[in-house]
Amino acid sequence: MKTRIDGGQLLDLVDGSLTEASVLVDDETGSVLALGKELPEADRVITLRGEVLLPGFIDVHVHLREPGFEDKETIATGARAAAAGGFSQILCMPNTKPPLDTPERISFVRRQAQAAGAAQVLPMGCITVGQAGHELTDFAALKAAGAVALSDDGRGVQHGGRMREALRRAAEAHLPIAIHAEDESLSEGGVLAPGAAGRLGLKGIPAASEAAMIARDILLAEETGARLHICHVSVETAVALVRFAKERGVRVTAEVTPHHLLLSDEIIDCNDAVFKVNPPLQSERDRQACLAAFLDGTLDMVATDHAPHTAAEKALPIAEAPFGMVGIETVFPLLYTHLVRTGMMSLAQLVERMSTVPAQAFGLKGGVIRVGGPADLVAVDLQTERPIEPKRFYSKGRNTPFAGWKVAGWPTLTLAAGRVIHQEAKRA
């Protein structure tokens with residue numbers, strides 16, 4: 001069986017040019033057979049209307065909540081939401097209940113994801129048993145079960161000596177470690193960044209709680225030779241530390257979220273938990289530093305930190321509500337509209353940061369469209385503008401601060417390994 005996608009424009013990631021072309025896909029192997037015009041006949045033809053064909057996006061930081069928190073999200077709903085957002089592959093974090101700290105739990109996620117038939121879900125395993133920060137998990141066993149990286153996301157490993165040992169063992173296992181950088185002795189009880197917290201009479205989370213742990217783990221990664229990935233960089237001092245590490249040749253990559261690129265704590269003027277996220281929305285100076293670092297490549301990639309919660313939880317007062325925002329269905333339209341259309345970066349640069357660079361950083365297939373490569377594709381409509389409407393989300397979560405923002409760049413078709421995992425109903 002073969003599928004041919006006609007009527008699209010292929011983006012050249014080298015020169016940024018767009019060329020009208022078709023893509024022929026082998027449905028059995030899930031690979032790209034041919035690119036160009038006048039391709040052979042196929043068993044199925046999907047006709048686009050001038051959308052741009054891009055390599056499927058890869059999100060390296062997603063919370064799917066299952067097992068244990070299925071009222072917030074499930075593997076199936078999260079993978080479906082990812083497909084609607086143009087993602088062919090997502091890496092899910094292990095802070096579930098119970099956490100993903102055994103091979104059996106890693107295997108469970110993979111089975112559930114396969115049954116969902118949407119975006120490919122690649123689980124991260126825990127660094128420590130139960131994410132308690134004490135005993136290290138069996139890294140080799142987690143990798144054998146399908147874990148692609150290790151993290152105790154939601155908590156930072158507080159003990160420096162234990163983190164050194166974790167990085168040493170991760171280097172031996174050839175697994176990257178993704179850190180949630182938070183020194184809890186500094187952030188304990190904090191709700192928002194100091195500026196917004198002060199306005200609302202709440203306790204602030206100092207920037208040093210993030211930067212101090214990043215500094216520690218950069219030094220430990222240099223010592224051990226491990227691959228270190230820094231999650232959701234949000235403050236100017238953290239950006240400076242990432243730049244320092246790269247100048248020294250440390251094997252470090254870093255992500256930034258769409259909300260830390262586009263929002264600062266200056267918008268928080270009421271007790272609304274939709275704005276509560278960890279790390280928090282920071283000062284405008286911090287936002288500008290993260291944006292500049294993303295544009296110059298210091299911050300390597302975009303990751304959503306998609307963190308769904310129930311409406312009841314997010315309706316609580318901001319001091320009591322959980323941290324987190326959803327974002328996997330809106331990230332490309334938001335960044336295309338506010339970074340590409342405004343001339344801050346090219347379309348090719350944004351696609352590289354959402355596809356090519358994440359694939360390279362985590363050793364994944366995909367990230368580019370080429371003959372013989374996986375047919376991970378997304379077609380995006382760069383012309384149609386519409387507001388972000390949480391009620392239209394496939395995710396169970398509706399907790400986005402971007403509701404009502406009018407954006408373009410909506411995905412209309414997504415393939416993962418040749419399988420159509422999202423297609424607008426109006427398509428033929």
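## Strand pairing

Strand 1 (residues 2-11) and strand 5 (residues 52-55) run parallel and are joined by 2 bridges. Strands here are DSSP runs of E of at least two residues, helices are runs of H or I of at least four residues, and both are numbered from the N terminus. Two strands pair if DSSP finds at least two bridges between them. Opposite Leu10 stands Leu53 of strand 5. Strand 5 also pairs with strand 14 (residues 377-387), in the antiparallel sense and over 4 bridges. Val52 has Val380 of strand 14 as its bridge partner.

This is a predicted model, in which local features need pLDDT of at least 70 and side-chain atom pairs count only at pLDDT 80 or more, while totals for chains, interfaces and linings use all residues. Residues are numbered from 1 along each chain as its sequence is written, and side-chain values use heavy atoms, with hydrogens and water left out.

An open sheet with parallel pairing is formed by 8 strands, in the order 6-7-8-9-10-11-12-13. Its edges are strand 6 (57-62) and strand 13 (301-302), each of which pairs on one side only. Strand 13 is joined to strand 12 (residues 252-256) by 2 bridges, and the two run parallel. Val302 in strand 13 is the bridge partner of Val256.

## Buried loop residues

Glu51 lies in the loop between strand 4 (44-47) and strand 5. Its relative accessible area is 4%, so Glu51 is buried; the term means under 20% relative accessible area, with exposed over 50% and partly exposed in between (1.4 Å probe, protein chains only). The side chain of Glu51 makes a polar contact with the side chain of Thr412 (3.3 Å). A polar contact is a pair of N or O atoms within 3.5 Å; within protein, one must be able to donate a hydrogen and the other to accept it, and residues adjacent in sequence count only if both atoms are side-chain atoms.

Ile127 is placed in the loop between strand 8 (120-125) and helix 3 (139-145). Ile127 counts as buried because its relative accessibility is 2%. Leaving aside neighbours within four places in sequence, Ile127 has contacts (heavy atoms within 4.5 Å) with residues including Glu135, Leu136, Phe139, Leu150, Val157, Ala166 and Ile177. Ala170 is 43 residues from Ile127 in sequence, and the C-alpha atoms of the two are 9.1 Å apart.

## His180 and its surroundings

His180 belongs to the loop between strand 10 (177-179) and helix 5 (184-187). With a relative accessible area of 5%, His180 is buried. Its side chain makes polar contacts with the side chain of Asp153 (3.4 Å) and with the side chain of Glu182 (2.7 Å).

Not counting residues up to four places away in sequence, His180 touches Asp153, Gly154, Arg155, Gly156, Met213, His232 and Asn278.

## Cavities

The whole structure holds 3 cavities of 30 Å³ or more. On a 1 Å grid over the protein atoms alone, a cavity is a set of points where a 1.4 Å probe fits but cannot get out, and a pocket is an open set with protein on both sides within 12 Å along at least five of seven lines; lining residues have an atom within 4 Å of a point. Grid points are joined across faces, edges and corners, and a volume is the space filled by probe spheres set on the points.

The largest cavity has a volume of about 80 Å³. Of its 13 lining residues, Ala181, Ser209, Glu210, Asn278 and Pro279 lie nearest the centre. The lining comprises 6 nonpolar, 5 polar and 2 charged residues, where Ala, Val, Leu, Ile, Met, Phe, Trp, Tyr, Cys and Pro count as nonpolar, Asp, Glu, Lys and Arg as charged, and the others, Gly among them, as polar.

The volume of the largest pocket is about 600 Å³. It is lined by 28 residues, and Asn95, Gly154, Arg155, Asn278 and Phe323 are the closest to its centre. By class, this lining has 7 nonpolar, 13 polar and 8 charged residues.

The second largest pocket contains about 490 Å³ of space. Among its 20 lining residues, Gln120, Val121, Leu122, Ala417 and Arg419 are the closest to the centre. Helix 2 (103-116) and strand 8 are the elements that give two or more residues to this lining. The lining of the second largest pocket divides into 8 nonpolar, 6 polar and 6 charged residues.
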